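Here is a short walk through one protein model. Keep the sequence and the 3D view side by side as you read.

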Amino acid sequence: MCAILENRRITLVSFSGIDGAGKSTQIEALRARMEETGLCVSVITFWGDVARLTRIRETTGHTLFKGDKGIGTPAAPLIRRDKNVRSWWMTCVRLGLYFLDAVSLRKVVKKALRSRADFVIFDRYIYDELANLALDTAAARLYIALLLKFVPKPHLIYLLDADPVQAFARKPEYPLAFLFTSRASYLALSKLAGGMTVLPPMPVWEVEREILKDVLNSLTFDESRGEHAEKLRGNDDKVPV
């Protein structure tokens, strides 16, 4: 059962990374561990709960660019054509869409901060859209800087770095060459945005352990959550070492 804490501080956590980086796995692991300590956890998906005009965007990728719909699996790979389509006019469209999403994100975060949740975990954030822009241009960097000032910054920001070859094997949706380009863009964005914890390619359990250590550190300095920090620390034997 969720604990209702006096003077509690809601923690915003975001997970970003290329497709197949393992975000869903780590989000579920963190959610389960936090709930074991009695904390209320809410998970918000960027595409489902934040992004605007999603149906139009999906239809465009399918009909205009002849891309596949759905989620790729090793048994059923896909060829998606949406964010990997790079043209000047698509960049202009993205700038407009990303601003709409940023406005929506502000509203979603504001609502989350009024909720009963102690931890609000975002499955992707505005960073995952900004990584699709050409970060090597001054115009894109200026746009990114302005948008990052506009949207709320999570307290804990995790960028799951991943080997593109392994990520493609787990989730075959985009060309391997695009995943390499996307990975480089995410890493460049992490330096531009600042405040991100970049987790290098590691076994799943090692990534989980590093995230829990970081979360535990944030709980330790929150007096209202000392009991939950102790419970999390006491359950450390559940994470392989």
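The count of salt bridges comes to 12. A salt bridge here is a side-chain nitrogen of Lys or Arg within 4 Å of a carboxyl oxygen of Asp or Glu. This is a predicted model: local features need pLDDT of at least 70, side-chain atom pairs count only at pLDDT 80 or more, and totals for chains, interfaces and linings use all residues. Residues are numbered from 1 along each chain as its sequence is written, and side-chain values use heavy atoms, with hydrogens and water left out.

Begin with helix 1. Helices (H or I, at least four residues) and strands (E, at least two) are DSSP runs, numbered from the N terminus. Helix 1 covers residues 23-36, and it holds both glutamate 28 and arginine 31. These two form a salt bridge, with their closest N and O atoms 2.4 Å apart. They sit 3 residues apart, about one turn of the helix. Arginine 31 also forms a salt bridge with glutamate 35. Here the closest N and O atoms are 2.3 Å apart. Arginine 31 and glutamate 35 are 4 residues apart in helix 1, again about one helical turn.

How open are the glutamates? Buried means under 20% relative accessible area, exposed means over 50%, and partly exposed lies in between (1.4 Å probe, protein chains only). Glutamate 28 is partly exposed at 42%. Glutamate 35 is partly exposed too, at 36%.

Now move to helix 4. It runs over 88-113.

Aspartate 101 has a relative accessible area of 0%. What does aspartate 101 pair with? Its partner in a salt bridge is arginine 57, with the closest N and O atoms 3.1 Å apart. Aspartate 101 lies in helix 4 and arginine 57 in helix 3, so the pair ties together parts that are 44 residues apart in sequence. Arginine 57 counts as buried as well, at 15% relative accessibility.

Leu53, Ile56, Phe99 and Leu100 form a nonpolar surface patch, with about 370 Å² of accessible area together. Patches are made of residues with over 30% relative accessible area and no salt bridge; like charges are joined within 9 Å, and nonpolar side chains (Val, Leu, Ile, Met, Phe, Trp, Tyr) within 5 Å. Accessible areas come from the Shrake-Rupley method with a 1.4 Å probe, and for residues only the protein chains shown count as cover. Phenylalanine 99 is found in helix 4 and is partly exposed at 40%. Leucine 53 lies in the loop between helix 2 (46-50) and helix 3 (54-64). Leucine 53 is partly exposed at 44%. Its phi is near 55 degrees, a positive value in a residue other than glycine.

Arg106, Lys110, Lys111 and Arg114 form a positive surface patch. Lys and Arg count as positive and Asp and Glu as negative, while His and the chain ends are not counted. The place of a charge is taken as NZ of Lys, CZ of Arg, CG of Asp or CD of Glu. Arginine 114 lies in the loop between helix 4 and strand 3 (119-123). It is exposed, with a relative accessible area of 60%.

Go past strand 3. Arginine 124 is in the loop between strand 3 and helix 5 (126-130). Its phi is near 80 degrees, a positive value in a residue other than glycine. Arginine 124 counts as buried at 18% relative accessibility. A network of salt bridges links Asp19, Lys83, Arg124 and Asp128.

Finish with two pairs set apart along the chain. Valine 85, in the loop between helix 3 and helix 4, is buried at 9%. Valine 85 and phenylalanine 178 are 93 residues apart in sequence, with 9.7 Å between their C-alpha atoms. Leucine 187 is found in helix 8 (residues 176-193) and is partly exposed at 28%.
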